[in-house]
Amino acid sequence: MRTAVVLVLVAVAIVALPLVAPAYYVTLMLPFMAYGVVLLGLNLLFGYTGLVSFGHALFIGIGAYTGAVLTTRFGMRQMELILLAAALAAAAVAAPVGALCVRYVKIYFGMLTLAFGMVFYTFLLKFYRLTGGDEGMRLLRPYLLGQSWEGFSKTAYLIGPYYYFSVVILALATLLMWRVVRSPFGLCLRTIRDNPLKAESLGVSVPRFRWYAFMISAVYAAVGGALLATPTGNVDPTLAYWTHSGNIVFMVLLGGFASFFGPLLGAFVFIFLQDTVMSVFPYWRLVFGAMLAALVIFAPGGLMGLFARRLPVEVSRG
Amino acid sequence: MILEARNVRRLYGAFVALDGVSLSVREGEFVSIIGPNGAGKSTLINVLTGVLAPSGGSVRFKDRDIGGIGAVALTRLGMARSFQLVQIFPELTVLETLQAAVVSRLGLGSRFFASLAGDGRVQREALEVAALFSLHDKAHTPTRELPQGDKKLLDVASAFALKPEIILLDEPTSGVSTADKTAIMDTLVTAAGRIGLRAIVQVEHDMDIVFAYSDRIIALHQGKVLADGPPATILSDQRVMDTVIGRRAATRRAPAC
């Protein structure tokens, strides 16, 4: 009941924010919502299946570049189709990559995903004609719901239609993931996370279910990647760089991977904290590094873990 | 014949863990596999449950070669197992553990958006198994908080929730207090009758349990079958006495037979 009240209040605040907050803070919400989608998917893999990917920026990059290629090379600017194409492109790449990676666990899984991420990063950097190399590519302002919104300035577009479009995508992604983690499939993933040997003995095909989780998380990352790139209007290889993968893992840890909403909280705090720290201290990575160390040592359950003392029960309840 | 091993060999490099083991399990039997440490009991269970492929010979379940086909495929064929070291899902509740087995048996695992809580059949069947093993009062308890005896019971109960035709238990009472052992075995046998299990195979070190519950005992020694027969026959086998059971234990057990 308390959770429902908090959720309603948060939803109302998000919807009302553009009406009351300065434009700057509203635009800061855009990466939060994009990362929110990415992290919902990443946490299906991390918190629910027990696999830590250090290369998930690969799929963020695929989503972002899909948007750039479609809008600049093919003149296709409908955001709904861009998201669909991003999801399909990510699925096409994740199918073989995931099939290979999920055969390994722990550090080997992490290193393999990191390796694939770096292969894609190098591809983006070196295939200049296709990708624009280190300069990247433009991503033209997408149409939303069939409207071009040409009459809107960039800021008005971002804090108006694009903001609410992002809210709807995040809400849909959250509802879908909520269903997934509470489904029989979600239960099977949690058995694999807890004890793969026992899961196999109960007839749960561990590689197959890990692959499903990998595919879903890749699709979420690509959709989030397409959302993330639109406000800047430009995509470049750093989107797929390993430090970006590290950042999203950090966000999950910050919020708490044992809770469904933990990663969303992590994304929110990360974005706003980064903005604040960067404005007063140039070495923001130093601060975040120290924070990460403190988190792991003193609050392994992340911020949500501090709220809910009994973390593992939270996990089992999704 | 439900389960049959013919001349099974299993090598680990140059080491021969199983050397020409042949055995059969018939309808309605409770078969115990005994032997000293290193006799090859766990390897045999792993070969019989398709986890390990035999290096030679064959294993047949319901007239089908199952050598190395893996736990998932065997589960679908109707074979379940439990482990020597208790295997649980620490962050899941008792009910969720049993639901996972029911979901797997009903082939519902690929339902991505269906509500688990809203599936009455899964809920009902999981609770039935919980009641069968007297775990229904702890249905919502995280399994990591269960006492050791209940963890062991849940491990076995989750295998029963698969409603298998045959179940292979690797030391079902290991790590459990002496007082709990008989209770676990009684529960297990009662549950077997309720779900219509066709046969039970167990590896067990506790000779009181072995002789109290088995229809047939297979004694292993150095990877070979030393003896195979009903408890009375095994008790009178001098080689088994010397290498597996021990004279003192046999003397203590003799009047009961």
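Predicted model: local features only at pLDDT ≥ 70, side-chain atom pairs only at ≥ 80, totals over all residues.
Q: How many of the 13 residues of helix α5 of chain B are buried?
A: A residue counts as buried if 20 or more other C-beta atoms lie within 10 Å of its own. Those that pass include B:D150, B:K151 and B:K152, as well as B:V156 and B:F160. α5(B) is thus mostly covered, and its buried residues number eleven.

Q: Which elements of chain B are among those that cover the buried residues of α5(B)?
A: Both strands and helices take part in the cover. The strands include β6 (79-82) and β7 (166-170). The helices include α3 (94-105), α4 (120-132) and α6 (178-195).

Q: What distance does α5(B) reach from its first C-alpha to its last?
A: The helix runs over residues 148-160, and at 1.5 Å a residue 18 Å is expected. The model comes close to that, with a reach of 19 Å.

Q: Are α2 and α11 of chain A roughly parallel or antiparallel to each other?
A: Helix α2(A) spans residues 23-46 and α11(A) spans residues 206-232; their axes lie 7 Å apart, at an angle of about 170°. Angles over 145 degrees count as roughly antiparallel. By class, their contact holds 21 nonpolar, five polar and no charged residues. The two helices are therefore roughly antiparallel.

Q: Which element gives the most to the side of chain B that touches chain A?
A: Here 32 residues of chain B are in contact with 25 residues of chain A. On the chain B side, α2 (71-77) and α3 each supply at least two residues. With seven residues, the one that gives the most is α3(B).

Notes. Residues numbered from 1 in each chain as written. Chains lettered and ligands numbered in written order. Helix = DSSP H or I, 4+ residues; strand = E, 2+ residues; numbered from the N terminus. Expected span 1.5 Å × (residues − 1). Buried ≥ 20, exposed ≤ 12 C-beta atoms within 10 Å, placed from the backbone. Contact = placed C-beta atoms within 7 Å. Axes fitted to C-alpha atoms, helices over the stretch in contact; angles between N-to-C directions. Parallel < 35°, antiparallel > 145°, perpendicular 65-115°, else oblique. Nonpolar A, V, L, I, M, F, W, Y, C, P; charged D, E, K, R; others polar.
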